[in-house]
Amino acid sequence: MSPAQAVSDAITVSGSATYCQRTSMPPEAMLTVRIEDTSRADRPAQALAEVREVFGARQVPIGFALTVPRSAVDPRAVYTLRATINVGGELRFATTRRSAVPGAGADARVELVLEAVAPMPEVGTASASTSTAGLSLPATFAGVLPCADCVGVANTLTLRADGLYRLRRTYIGKPGDPTAEIGRWTVDASGQQITLGRGGTMQRFTVVGEEALRQLDRLGQPIQSAANLELRRTAQLDAIAELLRWRGEFVYLADAATFTDCASGLRWPVALTGDYLAAERRHVQTRSEPGAPLVLTFDGHLEVRAGIDGTVREHMVVDRLGGSESGATCNSAPVGQGSGSRSTGQP
């Protein structure tokens, strides 16, 4: 194949990304730009291409260029550009308006304007403190821990500063799909021991500097073993953005909806996409009184987007609505429920 043929077989989408706020980014700030297939509202956007640019000594506007094989482009699909700026794994800026990729199948140039992201509100009695725990968050830790009846359990644990955690597990040498548990993590008075979840699913770790967590027994005591008991910090953050099974209180009031997760106690506004309308209708038809919560189970994901007031923040997206529990609340859940959630797709 000649160089001219190679060029004709690829599509390039280029441009620059900027924001209007008068603030500077540190050298480690990361610009990420993705081309996403947003044709279907009933599933998370599928990435077609992605590019990452470290700021270094630069400030906005920062240029980008993405190349996509022409054969990968479906002329019937709708493709959009999405950009974010992260610092140390923390989202600072994101695009809020849909930027369509013009002329599917042709080169394009697009100028992106990002908006500052508002901090997410937190609900619940337990609060994680990054200074108390001695950890820079969010962060991901990974390692293979001992297993009683298998080769080992591959663990990937992501901790967020708002107290949310996601723990992925793969039982090596055993049948079955990987699992993903979500919930709230807390830190003890010493600031050196963290606890994941509650009740029968509770796990404890001691903080080993910034780089590792060491597994403890269920009473919080050291485990005497020659086996590896540490989860090590990974270079890249494994953000909590995949499709997960959620259970919590859905409330629709004054033309807006919120979702409070039973596992973590955290609350998010609900995005007006996916199965949102089905969830709203079920709430209106089933609630005991205006403003009363309805416990829903659904497959969904967290996504930063603009709300109905234009504020950019993290939202809960209800991708596939499941069951509901009339008259129930998170506090009235049976023992053992609401302490975690399992993934519905990739681990």
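Ground rules to start. The model is predicted, with pLDDT of at least 70 needed for local features and 80 or more for side-chain atom pairs, while totals for chains, interfaces and linings use all residues. Residues count from 1 along each chain as its sequence is written, and side-chain values use heavy atoms, without hydrogens or water.

Overview. The protein has 3 helices and 21 strands. Those are DSSP runs numbered from the N terminus: H or I of at least four residues for helices, E of at least two for strands. Of the 347 residues, 44% are buried. Buried means under 20% relative accessible area, exposed means over 50%, and partly exposed is in between, with a 1.4 Å probe and protein chains only. Now contacts, meaning heavy atoms within 4.5 Å. Take those with a separation of 6 or more: 60% of them join residues 24 or more positions apart.

Next, the barrel. Which strands close it, and in what order? There are 8, running β9-β10-β11-β12-β13-β14-β15-β16, with antiparallel pairing. From one strand to the next, the twist averages 30 degrees. Axes here are lines fitted to C-alpha atoms, for helices over the stretch in contact, with angles from 0 to 180 degrees between N-to-C directions. Strands pair if DSSP finds at least two bridges between them.

Strand β14, residues 203–208, meets strand β15, residues 212–215, through 4 antiparallel bridges. In that pair, T206 stands opposite R214. From β15 to β16 there are 3 bridges, again antiparallel. L213 faces L231 there. Then β9 (residues 139–145) pairs with β16 (residues 230–233) over 2 antiparallel bridges. F141 sits opposite R233.

On to the cores. In soluble globular proteins, nonpolar side chains tend to be buried together. A nonpolar core here is a set of buried Ala, Val, Leu, Ile, Met, Phe, Trp, Tyr and Cys residues, joined through side-chain atoms within 4.5 Å. The largest has 28 residues, and V33, I35, L81, I85 and L112 touch the most other members. Strands β1, β2, β3, β4, β5 and β8 each supply at least two residues. Strand β5 gives the most, with 5 residues. Look at I85: beyond its neighbours within four places in sequence, its contacts include Y19, F55, F93 and L114. Apart from this core lies another, of 22 residues, including Y252, A279, F298 and V318.

Last, the aromatics. Phe, Tyr and Trp rings (the six-membered one for Trp) pair if their centres lie within 6.5 Å; planes under 30 degrees apart are stacked, over 60 edge-to-face, and the rest tilted. That gives 5 aromatic pairs. Why is Y19 with F93 called stacked? Because the ring centres are 4.0 Å apart and the planes are at 10 degrees. Y19 is in β1 and F93 in β6, 74 residues apart. Y19 is buried at 6% relative accessibility, and F93 is buried at 4%.

F259 and F298 are edge-to-face, because their centres are 5.0 Å apart and their planes at 70 degrees. F259 lies in β18 and F298 in β20, so the pair ties together parts 39 residues apart in sequence. Both F259 and F298 are buried. With W246 and W268, they form one aromatic cluster.

K174 lies over the face of Y171, at 5.5 Å from the ring centre. The rule is NZ of Lys or CZ of Arg within 6 Å of the centre and within 35 degrees of the ring normal.
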